[in-house]
Amino acid sequence: MRSSFLSLCLLQGALAARPFLNEPDTGFDQYFADLPAGELPPLDKLVGLPDFDAAARRHLAAQNYTYYRNGAAGEWSYRNNLEVFNRYRLRPRTMVDITNIESTLPTTILGYNFSAPFFISPCARGGYGNTAAEKGLVEGAAAENILYMPALLASMTIEEIATFKTEDQITFQQVYLDSNDTATREIFDRAQKSGSKAIVFTVDSAADGNRHRAARYGVGSADSAYTLITWDLYDHLTTMTDLPIILKGIQTVEDAQKAVEHGVPAIYLSNHGGRQIDGSRSALEVAIEIHEKAPEVFSQLEVYADGGVRYGADVVKLLALGVRAVGLGRPFMYANVYGTDGVKRAIQILKHEIAIDAGNAGIADLKNIDPNIVDWTPNWAPA
């Protein structure tokens, strides 16, 4: 026991000392070495989602980039969100007919049809990345038929965002709520009148996020008040709208089970991009906990997840656990620096990566993935 504990401590120390790569070195800096400072690389030369982060960092003012990039405190949870996927290795199966894998990309989210099992997560202040603000996010999602969840604290109002939607486009509106019924009814009414088909209630920010990097640039949390958020409040909220209310920010199996008890239609596993409390687990780790301790949750309500997703294989691992759809926030905010075309390209890249990574793992159907396709023992764990 003592030997295992010491080994784990040494491993954790080594991980803490290891340099963190916000974007992996795949040759981006060398390839674009001659690009003038601040100039965006050609969109068609970006080959993966991390490229959009690198491009945005080179192009945006430090304050604007920092608003998207920052995490809480020492940013260990932000780092963990990115790194956790590689701790669980794939166990690819061979001799499987995967030639129709692309046809299994489409999915449903709360009964609505979409072309892929991922969506654009709620992110505030689209105007920090593009003067057209959220326009590119709305239009890109519509063009590629994926779900967009506009943030309540977007640069554009709920009504302004709605003007860029196509006639049949589905969006879910993210909100921050408290016990002020008058303000809540107004938000619900605005969302419904603007065509939103669900409410995404963020419950993981009961207090201000401890964001050191953001504080240096004056771009801290957009929601900084102490807020009363309880199960009784949720039950009350459901009496105030006909729209389904999704709970965003579930971080334990216990709260997932509570959501089932309260008749929640869908939960959204998230640690707010590592921006609220440092040390919180990634959505992948929470999904693993639910899969191990209460797997029935995945069939009792819909489960979504976000945090650190950058590759098709990341999406595949979450789907393997029973997650229905996977959210991405920062990658699309960085892609939105290029506007609608950038968002479309990011979506297309991820669709392609999901299909080829699933195929190479021996997965024939994205809706029927054997969880054993992944070794769920973290590869740093002592024997």
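## Second largest cavity

The second largest cavity has a volume of about 50 Å³. A cavity is a set of points, on a 1 Å grid over the protein atoms alone, where a 1.4 Å probe fits but cannot get out; the volume is the space filled by probe spheres set on the points, which are joined across faces, edges and corners. The model is predicted: local features need pLDDT of at least 70 and side-chain atom pairs count only at pLDDT 80 or more, while totals for chains, interfaces and linings use all residues. Residues are numbered from 1 along each chain as its sequence is written, and side-chain values use heavy atoms, with hydrogens and water left out.

Lining residues have an atom within 4 Å of a point. Those of the second largest cavity are Pro-150, Ile-158, Ile-161, Ala-162, Lys-165, Thr-171, Gln-173, Ser-194 and Ser-196. Helix H7 (residues 158–162) gives the most, with 3 residues. Helices (H or I, at least four residues) and strands (E, at least two) are DSSP runs, numbered from the N terminus. The lining has 4 nonpolar, 4 polar and 1 charged residues, where Ala, Val, Leu, Ile, Met, Phe, Trp, Tyr, Cys and Pro count as nonpolar, Asp, Glu, Lys and Arg as charged, and the others, Gly among them, as polar.

## Largest cavity

There are 3 cavities of 30 Å³ or more. The largest cavity holds about 520 Å³ of space. Its lining comprises 36 residues, and Pro-122, Cys-123, His-272, Gly-273 and Arg-275 lie nearest its centre. H4, H5, strand S10 (325–328) and H15 each give two or more residues to this lining; H15 gives the most, with 3 residues. By class, the lining of the largest cavity divides into 15 nonpolar, 14 polar and 7 charged residues.

## Largest pocket

The largest pocket contains about 560 Å³ of space. A pocket is an open set of grid points with protein on both sides within 12 Å along at least five of seven lines. Leu-82, Glu-83, Phe-85, Asn-86 and Tyr-311 are the closest to the centre among the 22 residues of the lining. Helix H5 (76–83) and helix H14 (312–321) each supply at least two lining residues, and H14 gives the most, with 3. The lining of the largest pocket has 11 nonpolar, 4 polar and 7 charged residues.

## Aromatic pairs

The structure holds 11 aromatic pairs. Rings of Phe, Tyr and Trp (its six-membered ring) pair if their centres lie within 6.5 Å; planes under 30 degrees apart count as stacked, over 60 as edge-to-face and the rest as tilted. The rings of Tyr-65 and Tyr-334 are stacked, because their centres are 5.7 Å apart and their planes stand at 25°. Tyr-65 belongs to helix H4 (residues 62–69) and Tyr-334 to helix H15 (residues 330–335), 269 residues apart. Both Tyr-65 and Tyr-334 are buried (under 20% relative accessible area, 1.4 Å probe, protein chains only; exposed is over 50%, partly exposed in between). Tyr-65, Tyr-67, Tyr-68, Tyr-128 and Tyr-334 form one aromatic cluster.

## Strand S7

Strand S7 (residues 245–250) is largely enclosed by the rest of the structure, because 6 of its 6 residues are buried. Strands pair if DSSP finds at least two bridges between them. Strand S6 (residues 199–202) runs parallel to S7, joined by 4 bridges, and Thr-202 stands opposite Lys-248. S7 also runs parallel to strand S8 (residues 266–269), with 3 bridges; Leu-247 has Ile-267 as its bridge partner.
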